Amino acid sequence: MSHNDRQMNGQHRPNSILDQFELPPAKKGKQRLARLRTAWRESWEEGSFLYQRWEELFQARHASWHEVANWIKTAALFGGLSLLVLMLDAAGDIASATLKGLSDVPATSAGDGSGLWGTIDHPVRVFLADQAAHLSVAPAALYAFWQLTGLLGLVGGFFGNAGARIAWTLWGLASLAMIWHAAPAGGRAAATGLAALMWALASIFALRGLTLRPIVHNHPPQYQFSPALHLHVTTPAPTPAGDDFGDEPDNVHQLQQH
């Protein structure tokens, strides 16, 4: 047994310097935490990683999409897609619950169609019930879908959505066709005309702000053209006073001598 391997007080004596100066677990945790704090402070110094990312995020408010940093674009696109998926999932659940609730109501529960609304609603129920007999779908489901389409078209058209307004127009025309087909023969014209009037009144809200006049946008020109005529005239340089006789021909000098 070597000198370092001797036992003292029944314990093995360490063989290396590292084992002699090994810190307790508590002190290791404190040093690790101190290093993390130091690294966090250094990362916020000017020119460091987190400082630059914060500057890019601060400048993104006043910059265009092409000037924004790539990591901000990626985060925005990922967040937008995630939000869209959540909204579509929630909308699907809401639509499913709404259709299920509306399907619980019998499609032909309006009796004989008495009343102002029953005059319009009862022929639609009867038409959908007759058509559902030839389809693999319940009459209540068809009626619920008809109600939901009209509601979404009315609400979406009120907020100016073009697709919702198209759906509202098609829904109204289909409703008039169903009423004309299923209404009693003696009051068919009256029922269809009453439905058209109620549809026109509801269209005041669904087609709010819609106009058939062309919209003309008069924008001032960004560059103004000012025509101007510029004439460039080159004037001869003045002749010095002492050079007047120097430019005369030789025969003039000869005449002066005679």
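**Pocket lining, nonpolar core and charged residues**

Helices H4, H5, H6, H7 and H8 each contribute at least two residues to the lining of the largest pocket in this predicted model. The largest share of that lining, seven residues, is supplied by H6. In total, 22 residues line the pocket, and those lying nearest its centre are Trp 117, Trp 146, Gly 150, Trp 168 and Trp 171. The space within the largest pocket amounts to about 400 Å³.

The largest nonpolar core comprises 16 residues, among which Val 124, Leu 128, Trp 146, Trp 168, Met 178, Ile 179 and Ala 195 touch the most other members. Two or more residues of this core are given by each of helix H5 (116-132), helix H6 (139-158), helix H7 (162-182) and helix H8 (188-206). The greatest contribution is that of H7, with five residues. Trp 146 and Trp 168 are named among the core members with the most such contacts and also among the residues nearest the centre of the largest pocket. For Ile 179, when residues up to four places away in sequence are not counted, the residues touched are Ile 120, Pro 123, Val 124, Ala 191, Thr 192 and Ala 195. Of these partners, Val 124 and Ala 195 are themselves listed with Ile 179 among the core residues that touch the most other members.

The charged side chains were examined next. The model contains two salt bridges. In one, Arg 125 is paired with Asp 121, with 2.4 Å between the closest N and O atoms. These two residues are four apart in helix H5, so about one helical turn separates Arg 125 from Asp 121. Both partners are buried: Arg 125 has a relative accessibility of 9%, and Asp 121 has a relative accessible area of 3%.

The other salt bridge joins Arg 53 to Glu 56, whose closest N and O atoms are 3.1 Å apart. Glu 56, at 27% relative accessibility, counts as partly exposed.

Lys 73, located in helix H4 (residues 70-103), is buried yet has no salt bridge. With neighbours within four places in sequence left aside, Lys 73 is in contact with Trp 65, His 66 and Val 68.

Technical notes
Residues are numbered from 1 along each chain as its sequence is written. This is a predicted model: local features need pLDDT of at least 70, side-chain atom pairs count only at pLDDT 80 or more; totals for chains, interfaces and linings use all residues. Side-chain values use heavy atoms; hydrogens and water are left out. Buried means under 20% relative accessible area, exposed over 50%, partly exposed in between (1.4 Å probe, protein chains only). Lys and Arg count as positive and Asp and Glu as negative; His and the chain ends are not counted. A salt bridge is a side-chain nitrogen of Lys or Arg within 4 Å of a carboxyl oxygen of Asp or Glu. Contact means heavy atoms within 4.5 Å. A nonpolar core is a set of buried Ala, Val, Leu, Ile, Met, Phe, Trp, Tyr and Cys residues joined through side-chain atoms within 4.5 Å. On a 1 Å grid over the protein atoms alone, a cavity is a set of points where a 1.4 Å probe fits but cannot get out, and a pocket is an open set with protein on both sides within 12 Å along at least five of seven lines; lining residues have an atom within 4 Å of a point. Grid points are joined across faces, edges and corners, and a volume is the space filled by probe spheres set on the points.
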